[in-house]
Amino acid sequence: MRRRVAGRPVAHSFSDLYSSYTIFYLLLLSTVIVIINIFNVEFYTVVPCIPCSRLALIGKIIHPQQVMHSFMHASMGMVMAWCAAVITKGRYSFLVVPCTGTQSLDSPSAQTCFNEYHLFFLLAGAFIGYSYSLLYFINNMNYLPFPIIQQYKFLRFRRSLFLLVKHSCMESLFLVRNFCIMYYFLGYIPKAWISTAMDLRKDTQLHPLDTVSGLLNLSLLYHVWLCGVFLLTTWYISWMLFKIYATEAHVFPVQPPFAEESDECLPQVLNSNPPLIIKYLALQDLMLLSQYSPSRRQEIFSLSQPGGHPHNWTAISRECLNLLNDMTQKLILYQEAAATNGRVISSFPTEPTKLNSPEEITFQTPKSSQMTRTSVPPVAKSSLFSSKLSTPDIASPLGAPFGSGVINRMAGIFDVNTCYSSPQSPQLIRRGPRLWTSASDQHLTEFSNPSPSTSVSAVSKTVGQPSVIYSWIQNKREQIKNFLSKRVLIMYFFSKHPEASIQAVFSDAQMHIWALEGLSHLVAASFTEDRFGVVQTTLPAILTTLLTLQEAVDKYFKLPHASSKPPRISGSLVDTSYKTLRFAFRASLKTAIYRITTTFGEHLNAVQASAEHQKRLQQFLEFKD
Amino acid sequence: MCSLGLFPPPPPMGQVTLYEHNNELVTGNSYETPPPDFRGQWINLPVLHLAKDPLKTPGRLDHGTRTAFIHHREQVWKRCINIWRDVGLFGVLNEIASSEEEVFEWVKTASSWALALYRWASSLHGSLFPHLSLRSEDMIAEFAQVTNCTIVPSLKHRLQRNVAALAWKPLSASVLAVACQSCILIWTLDPTSLSTRPSSGCAQVLSHPGHTPVTSLAWAPSGDRLLSASPVDAAILVWDVATETCVPLPWFRGGGVTNLLWSPDGSKVLATTPSAVFRVWEAQMWTCERWPTLSGRCQTGCWSPDGNRLLFTVLGEPLIYSLSFPESFGEGKGCVGGAKSATIVADLSETVLQTPDGEKRLGGEAHSMVWDPSGERLAVLMKGNPQVQDGKPVILLFCTRNSPVFELLPCGVIQGEPGAHAQLITFHPSFNKGALLSVCWSTGKVTHIPLYFVNALFPRFRPVLGLAQEPPLGSGGSLHDLPLFTETSSTSAPWDSLPGPPPTQPHSHL
């Protein structure tokens, strides 16, 4: 279908549609489109890559993969321009033309002259192709934004078609202008090269094109512009179709109809580590099913047939909570890095050294666990606690006795609360060592995860060997930094743009937004639809996670630059929604908490939480937040 | 079908409606003195009186700084550039055509010709869709759901002109969307903040070319999307407010959208147009069904709480129609699934009622309708009719029942103070003792009229065990079993005889 879209307008304008040449050109054009599509498929991303400094932007452009992309696009552009030039059959179609003014000389070698128009056409095609590739990366056009509402594919395509054509017309105009300027200054190089290499002579009758009067050839400019519009439109259409098909909602079954298909069902996909696009689609599907599909919600709330475990709900809620806890950690780390503003190094070594020794923690008593907890900052403390709650080891042994028998919801909540909220209860002490191991392991992995604030992660990685060499390296690094920061040019390239680094923190926030929406809709629906009370076992953990995240977000948005909006470009083909994802994240977090509190109302007082969270919940219940 | 002949006579002149109890509207002499027993047991609602003095129009209407500077006559081309940036091509043509002796004669002639052509073309457009020839203020007055719209904001913003609609975001305490002349303003007002006049930095501006004036806003009940509509723009915009992205939902027939109404369950959206057609969008895949109404445009509509029934009225007809949307069990995506035809459920045409004071006339066309969130009361604000109560808009109250079959029964007429015209009616979104109707009067008063009955929305707040032991309630408890209008003999207030805690204390069963 894509090929036809590309080929049809051209094909219609010709009478000799079925001549072998035309079919050859059309085949060539469709090959180009196929190659462009291969590049689209290879280079797409669901998490936008946001360069934080100018150096990073330059590094992004000269990355070998990107250079290859640009080179291929330039050559594809040249091929398309050649096809367009040949198909027009005018004076632009061949590189070698019989000379116009030199018939009298009669020498056979003088019969052929060099056609500069053709070269101009080809170079324009290459230039437009290269600029397309450059803009593709600078504008993050390889980022796949998911639509804010679900629509049928045809409607989405039709809606964006007008914008697409308008955008390509305008862009082609700008690119042709830029190309003319470039050709005016540098055009003599390829011209001289080609004419000497092919031993062609210049046609003296025609104006050379790298002069002002030569470039003011309106017919040529019009044709080049048209060729650019054709090129950009076809490429953008294939890009658009790829985007529409890739971001279309996909339905993952909650329960596999056959045992061997269990890898494709929603809980498995969420808990494994598939390619990011699959994970995004799964979370989108979770969000949609939690809103629109009562029957699939029922499958999530159901118990497994032999055994009676709420496996589906456990798996889904665990993954969502893990995602949200990761976000909390990320925000806290970033905020501490920003708050200490360079004093990061002094504050961190004390903390991870304790976390760094899993052997000790394995055998620790509750007393030592309290020691560990005192060392972490207050917000991290509660999130550490909640991440512990969401680990699989705890959820299943707790779920087993309640899920198997017919028990009432109250008992479930009460029991879970007592054992969750008071760490001194015998149940927890018995399981204590295992719990703390898993919790600290998770915390460790979060620490060693590559976090966006590279300085922090680098510090926490190297912190393991507190030695003389290490401090010496640190000192040297500081000295070099101080030395370099005085050089203006270097600062120009290295200085981090605050807005960009904030955007980078929230670059994958779409995932978390869906996790929030899916989770909150499921919890709200469970009020009436959950017959076995499976959601209630995790309700305290969910509330704790959400409130901790809310605290972290509140603190984060008090940082400078965080709550200022970047300017919006409306009505453009280029999607810039990733720049404001942090506001969407904040809004959906608040909405998610309100959704749960308004549904459960006064019942939330029975859910045990820390006094701080209890107070916060009360504020949400009274709509005072 | 329900007609006005069955209505109880309106209260005598000078009486105001205070509350509904026992299926009767109780009246009193004034709002300030409700009966004493209501002070203790029932809720005591304040009567808001918005004095118009602090809201007077400011001395300087233009909030820009332009008036502070001495006017300086610039070159005509410079002026043109400025105007082109502010107003567009139309303004440039106007400027050139009206400039004297500064441009060449032929430029001036050409621009006046172009202007004439443009006006002719827009008048042609206007003759296709007559509402487009209205000024934007008139357009707002025509299509707004308020009888007489004079809103003076105390939230001030440079762009906040000609406010046509306000909408609080659901599941949020602080976000207010305001439909203005040229844009939508999203105010974020901290509920704990003490400042009475938030700065314009709290407002976020959403604008889309061609989408002015905005006359209707609708938040999704889940709070994540905002719809906006303009009578000029054929497309409804779906906004993701936080990222400021919008998706237009185009529909080229009908010429604009005047009013949007989201069903309470969030599954459908009613979009009325200035022509004799309205559409119902389904809110998952965003497909729509159109309903060519009989005569005239759809004036107002309201959804039942489960989103399966739509009541609407048509301009120029004293009738209430009902349209049912049978629930689709097959998880049908992208299908609205409405019934094939609408049925008439109420006839509001003028009737004469016999009262002790003599004959009284009642009826006319409906102006707006609201249905309470539990689906048991329907309030209809009528258009002012010179034959009825000296042209005062009347509020009619109906009792409704949605399942198993739809029923609409008359309940009474709500009357305000003499000389006060009702301008806007709305129901409280979660009032657990029944329904709470708020009425804005033309005198600047906002009164709350509680309608006490047992609300099906909040059964969970009643003690589960206590329900069985409760003495048979005369009023609310038997509402579902007894036919409406059955008189109960209890003269004392039934809440006095309750042994347990008063019903005002909601109990959880946990």
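At 0% relative accessibility, C113(A) counts as buried (under 20% relative accessible area, with exposed over 50% and partly exposed in between; 1.4 Å probe, protein chains only). This is a predicted model, in which local features need pLDDT of at least 70 and side-chain atom pairs count only at pLDDT 80 or more, while totals for chains, interfaces and linings use all residues. Residues are numbered from 1 along each chain as its sequence is written, chains are lettered from A and ligands numbered from 1 in the order in which they are written, and side-chain values use heavy atoms, with hydrogens and water left out.

C113(A) sits in strand β2 (residues 112-114) of chain A; strands (E, at least two residues) and helices (H or I, at least four) are DSSP runs numbered from the N terminus. Beyond its neighbours within four places in sequence, C113(A) has contacts (heavy atoms within 4.5 Å) that include L95(A), V96(A) and R201(A).

The unreviewed UniProt entry annotates "transmembrane region" at residues 21-39, 74-97, 117-139, 160-186 and 220-242 of chain A; such annotations may be inferred rather than shown by experiment. Residues 160-186 of chain A are 100% helix, with end C-alpha atoms 37 Å apart, whereas residues 74-97 are 62% helix and 8% strand.

Turning to chain B, four strands form an open sheet in the order β13-β14-β15-β16, with antiparallel pairing (at least two DSSP bridges between two strands). Because β13 (259-262) and β16 (288-292) of chain B each have a single partner strand, one side of each is left without a neighbour in the sheet. Four bridges link β13(B) to β14(B), and N259(B) has T272(B) as its bridge partner.
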